[in-house]
Amino acid sequence: MKSKTWTTTIPDDFKKSFEAFLIHLGGCGLLIKKFFSEIRTKPFYFSLLVEQIYLIGVKSLPLIIITALSTGMVMALQYGFGLEKFGGKPYVPRLVASTILREMGPVFTSLMLAARVGAGIASEIGSMVVTQQIDAIRALGTSPIKRIVIPRVLACLISLPILVAICDVVGNLGGLIVGYYELGLDPQFYLRRVLDTSNIQDYAVGLGKSVFFAIFIVVPACYFGLNVKNGTKEVGLATTKAVVTGSLLILIGDFFLSKLFWIFDKWM
Amino acid sequence: MDVIQIKNFKKSFGTNLVHDGVTFDVKKGECLGLVGGSGAGKSVILRSLIGLEQADSGSILINSVDITHMSEKELVEIRKKIAYVFQNGALFDSMTVFDNLAYSLRAHTQLNESQIDDRISVQLDEFGLLSAKLLYPSELSGGMQKRIGLARAIMLGPDIILYDEPTAGLDPYNTIKIQELILRMKSKGVTSILVTHDMPTGIAVCDRFVFLQNKVISEDGQTEELLNKPDSLINQFIKGQIV
């Protein structure tokens with residue numbers, strides 16, 4: 001029997017992976033299409049939306065605050081000590097604010113949400129599939145898209161920008177704390193520098209990105225959850241896929257979105 | 001009059017052909033037992049009857065309406081008239097028993113909360129489960145979950161009930177309770193299909209049996225007639241001579 005070499009196996013593996021990628025891409029596309037077609041029709045489950053905003057947004061708040069605070073503090077520390085020898089300490093507020101508002105705020109908040117919420121959504125929906133609860137929703141004449149997908153997608157779209165805004169504030173507060181205690185910067189100076197040097201575009205870029213990131217988190221999570229087929233083992237796999245896919249989409253998407261927003265910046 | 005008609009139904013999953021031309025019908029008010037070995041595809045037929053699975057070919061007629069190619073939206077009206085009792089109840093574990101039962105009433109009727117409450121209390125009382133009203137499914141025994149599953153399925157007063165192994169894994173007390181509930185629904189003139197391996201229950205409630213074997217219906221007859229025929233597939237199945 002001929003042994004397989006890397007030249008024969010890699011194309012096959014690549015082909016399979018590419019096929020799977022296209023299937024998942026198509027599946028997510030179909031899910032988005034169903035979302036838009038069903039959101040326009042009655043009924044709309046407002047109470048489910050509120051419940052999801054609480055679970056996705058409010059319950060993520062402590063995690064986001066800790067992440068934002070430590071990120072802001074670490075950045076101020078690194079910039080401060082790094083720029084000290086060049087006499088660049090006064091630039092720390094501007095650098096920390098700009099990085100948090102444009103990049104770290106939306107990216108870190110979204111990654112945290114992908115881990116916490118993406119995993120939760122995929123495993124919850126996957127478990128509902130395994131225990132036939134999704135079938136029961138359909139058998140009782142209602143739509144899983146309306147009851148399960150729409151509230152989660154909308155809740156994520158509403159919650160993530162708010163969480164990013166909170167992250168922006170808390171992150172800068174972290175920078176201010178380190179600026180005052182470690183770098184010896186005056187808090188009023190720090191705050192004034194943040195406010196004077198940050199413009200509306202910095203805020204808009206971060207919040208704009210968060211809308212895309214919300215979709216990157218919640219759509220794969222719902223898709224992988226709904227496509228669990230064979231028992232509880234697949235629930236775990238779906239959860240992993242949801243988190244990995246969401247995180248990769250955020251990190252890769254961040255580059256392209258940054259590029260896109262820079263183009264907008266130049267126009268404006 | 002035939003309420004359910006399945007004609008030349010074919011279904012496969014990937015390369016695995018499960019049904020290769022299944023044909024049978026169910027008359028109004030009749031309780032049909034759908035029997036066959038494990039993995040014969042009995043549940044697939046039930047799921048297809050309510051549109052949870054799509055047939056590859058053939059037709060499924062409910063009250064002379066072909067549902068085979070209906071969209072999810074079109075199936076909603078059909079599903080209001082067909083109750084599906086899942087093998088494990090399939091109760092929504094994030095909701096109480098009350099909310100599980102209220103689910104279809106809230107979705108498909110204009111009843112206010114107090115009317116819903118009244119109707120659910122009556123239903124639970126009939127099922128002997130009034131004390132479980134505010135409990136969550138995880139707080140119920142398997143038998144209670146199945147009975148609640150049945151209660152939820154019939155909240156809208158269906159014309160047809162599809163039972164997917166309603167007595168599997170139950171103790172004799174709960175099995176008899178389920179049998180009584182099936183007979184009660186039958187006495188109200190509801191048409192039903194019972195998928196089961198529990199032959200005493202099947203014999204107690206079914207007017208007729210069809211036997212699913214080798215991807216098609218191999219035997220079809222009235223319960224008495226089949227039981228009196230020593231070499232019938234049903235008798236062989238009961239004796240464990242075939243799967």
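This is a predicted model: local features need pLDDT of at least 70, side-chain atom pairs count only at pLDDT 80 or more; totals for chains, interfaces and linings use all residues.
Taken as a whole, the contact draws 13 residues from chain A and 22 residues from chain B.

Let me turn now to the salt bridges over all chains, of which a search of the whole structure finds 22. One of them joins A:Lys209 to A:Asp254, with the closest N and O atoms 2.8 Å apart, and this pair links distant parts of the chain, since A:Lys209 sits in helix α8 of chain A and A:Asp254 in helix α9, 45 residues apart. Are these two residues buried or exposed? A:Lys209 counts as buried because its relative accessibility is 0%, and A:Asp254, at 11%, counts as buried because the cut-off is under 20%.

In chain B, B:Glu53 forms a salt bridge with B:Lys11, where the closest N and O atoms are 4.0 Å apart. B:Glu53 lies in the loop between α1 and β4 of chain B, while B:Lys11 lies in strand β1, so the pair ties together parts that are 42 residues apart in sequence. Both B:Glu53 and B:Lys11 are buried.

A further pair in chain B is B:Arg184 with B:Glu126, at 3.3 Å between the closest N and O atoms, and here the link runs from helix α6 of chain B to helix α4 of chain B, 58 residues apart. B:Arg184 counts as partly exposed because its relative accessibility is 29%, and B:Glu126 is also partly exposed, at 36%. Coming back to our opening pair, salt bridges that share partners join A:Asp135, B:Lys11, B:Arg47 and B:Glu53 into one network.

My last topic is the nonpolar interior. In soluble globular proteins, nonpolar side chains tend to be buried together. Here the largest nonpolar core has 87 residues, and those with the most contacts inside it include B:Ile4, B:Ile6, B:Phe24 and B:Leu162. The element that gives the most to this core is helix α6 of chain A, with 13 residues. Setting aside residues up to four places away in sequence, B:Ile6 touches several others, among them B:Val22, B:Phe24, B:Ile45 and B:Leu49. There is also a second, separate core of 42 residues, which includes B:Leu150, B:Leu170, B:Ile182 and B:Met185.

Finally, which residues of helix α3 of chain B are buried? They are B:Val97, B:Phe98, B:Asn100, B:Leu101, B:Ala102, B:Tyr103, B:Ser104 and B:Leu105, and what covers them includes α5 and α6 of chain A together with α4 and α5 of chain B.

Technical notes
Residues are numbered from 1 along each chain as its sequence is written. Chains are lettered from A and ligands numbered from 1 in the order in which they are written. Side-chain values use heavy atoms; hydrogens and water are left out. A nonpolar core is a set of buried Ala, Val, Leu, Ile, Met, Phe, Trp, Tyr and Cys residues joined through side-chain atoms within 4.5 Å. Buried means under 20% relative accessible area, exposed over 50%, partly exposed in between (1.4 Å probe, protein chains only). Helices (H or I, at least four residues) and strands (E, at least two) are DSSP runs, numbered from the N terminus. Contact means heavy atoms within 4.5 Å. A salt bridge is a side-chain nitrogen of Lys or Arg within 4 Å of a carboxyl oxygen of Asp or Glu.
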